[in-house]
Amino acid sequence: MLVSIGGGTMAHALIAGSLAARALTPEQCAVAEPDEARRARVAALGVPVVPDAAALSRFMDASTQVLLAVKPQSLEDVASVAAPLNLPARVLISILAGTTSHRLARSLGSQRIIRVMPNTPAQVGAGCAAVALAGAARPGDEGLAMRILSACCPVVERIDESLMDAFTALAGSGPAYVYYLAEAMELAASQMGFDSAQARRFTRQVIAGAARLMERSAERNPADLRADVTSKGGTTEAACRTLDLASTRDSLVRAILAARDRGAELARL
């Protein structure tokens, strides 16, 4: 049995994916979500939904695990109402970015903590996720989390908790870097005379096609694939030279490191 404190985008994606893959049934889930529109979206899955976390207790048995899927700044609000859930005695699965097992234990009394970080492509069954045993979690405590994540994330890796901020920076935030590139490509397309619909259609297909080719060429690194497109003295070389002159690659590396460092900073607040 899994109960979720929070029914937002990521919780919905994980539950919907688990139901579709038959990793869980609707009777094995319940969700607490204060927002009416979000409650309706979860209820459409056939899952029981309540407006407050304390009410989840009536769905729980001794083996029930708790998914914590709220914003990090809402953690203390959860702590104030979660006493009926007996969190210190349960496995807690947390998707909170920048929230260490130490802070979760201090706020909620939880000891057996599984920190997980999926990314938004989990909504379409294409996510990437990491799992870390933390606190006093024992091997095997992560079984339910692995089953849920695997239902909507083709890549699920176990990592040490010390690497969770790094994974969040790379994969959790990673889709935003791709969308940032897409924004630039659409802008350039518009400046070259394509209408907005064409710019979007071409850009999305280029990114989707390149991603598929990279996935099917797992033995080759990105530099090799880029070389396939880059003829000496050609158009692609001119574009890449401009990117190099602007230190674009170094800027992207610094951006990802900045995301990692911000996660560590949030953990200290």
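**Entry 1: ground rules.** I noted that this is a predicted model, in which local features need pLDDT of at least 70 and side-chain atom pairs count only at pLDDT 80 or more, while totals for chains, interfaces and linings use all residues. Residues are numbered from 1 along each chain as its sequence is written, and side-chain values use heavy atoms, with hydrogens and water left out.

**Entry 2: Thr168.** Is Thr168 buried or exposed? I count Thr168 as buried because its relative accessible area is 13%; buried means under 20% relative accessible area, exposed over 50%, and partly exposed in between (1.4 Å probe, protein chains only). Not counting residues up to four places away in sequence, Thr168 touches Ala97, Met117 and Ser173, a contact being heavy atoms within 4.5 Å.

**Entry 3: the chain as a whole.** I recorded 11 helices and eight strands in the protein chain, and a C-alpha trace that spans about 70 × 35 × 30 Å along its principal axes. Of the 269 residues, 37% count as buried. Among contacts between residues at least 6 apart in sequence, 62% join residues at least 24 apart.

**Entry 4: the sheet.** I followed the strands through an open sheet of eight with mixed pairing, in the order β3-β2-β1-β4-β5-β6-β7-β8; two strands pair if DSSP finds at least two bridges between them. The edge strands, each pairing on one side only, are β3 (49-50) and β8 (155-158). Strand β1 (residues 2-5) runs parallel to β4 and is joined to it by four bridges, with Val3 opposite Val66 in β4. Three bridges join β4 to β5, again in parallel, and here Leu68 stands opposite Ser94 in β5.

I then asked which residues of β4 (residues 65-68) are buried on each side. Gln65 and Leu67 are buried on one side and Val66 and Leu68 on the other, so that both faces are covered. In a regular strand the side chains alternate between the two faces of the sheet.

**Entry 5: the nonpolar cores.** A nonpolar core is a set of buried Ala, Val, Leu, Ile, Met, Phe, Trp, Tyr and Cys residues joined through side-chain atoms within 4.5 Å. I found 30 residues in the largest one, where Leu14, Ile114 and Val116 have the most contacts inside it. At least two residues of this core come from each of α1 (9-20), β2 (29-32), β5 (91-94), β6 (112-117), β7 (128-135) and α5 (143-150). A second, separate core has 22 residues, including Val3, Ala32, Leu68 and Ala82. Leaving aside neighbours within four places in sequence, I listed the contacts of Ile114, among them Val91, Ile93, Val131, Leu133 and Ala145.

**Entry 6: the cavity.** Rolling a probe the size of a water molecule over the atoms shows where empty space is left. On a 1 Å grid over the protein atoms alone, a cavity is a set of points where a 1.4 Å probe fits but cannot get out, and a pocket is an open set with protein on both sides within 12 Å along at least five of seven lines; lining residues have an atom within 4 Å of a point. Grid points are joined across faces, edges and corners, and a volume is the space filled by probe spheres set on the points.

I found one cavity of 30 Å³ or more. Leu14, Leu67, Ile93, Val116, Ala145, Ile148 and Leu149 line the largest cavity, and α5 gives the largest share of this lining, three residues.

**Entry 7: the pockets.** What volume does the largest pocket have? I noted about 2800 Å³, with a lining of 48 residues, of which Val178, Leu181, Ile207, Ala210 and Met214 lie nearest its centre. Elements giving two or more residues to this lining include α7 (174-191), α8 (196-216) and α11 (248-268).

The second largest pocket holds about 910 Å³, and of its 35 lining residues the closest to the centre are Ala69, Val70, Lys71, Pro72 and Ile95. For this second lining, α1, α3 (75-81), α6 and α7 each supply at least two residues.
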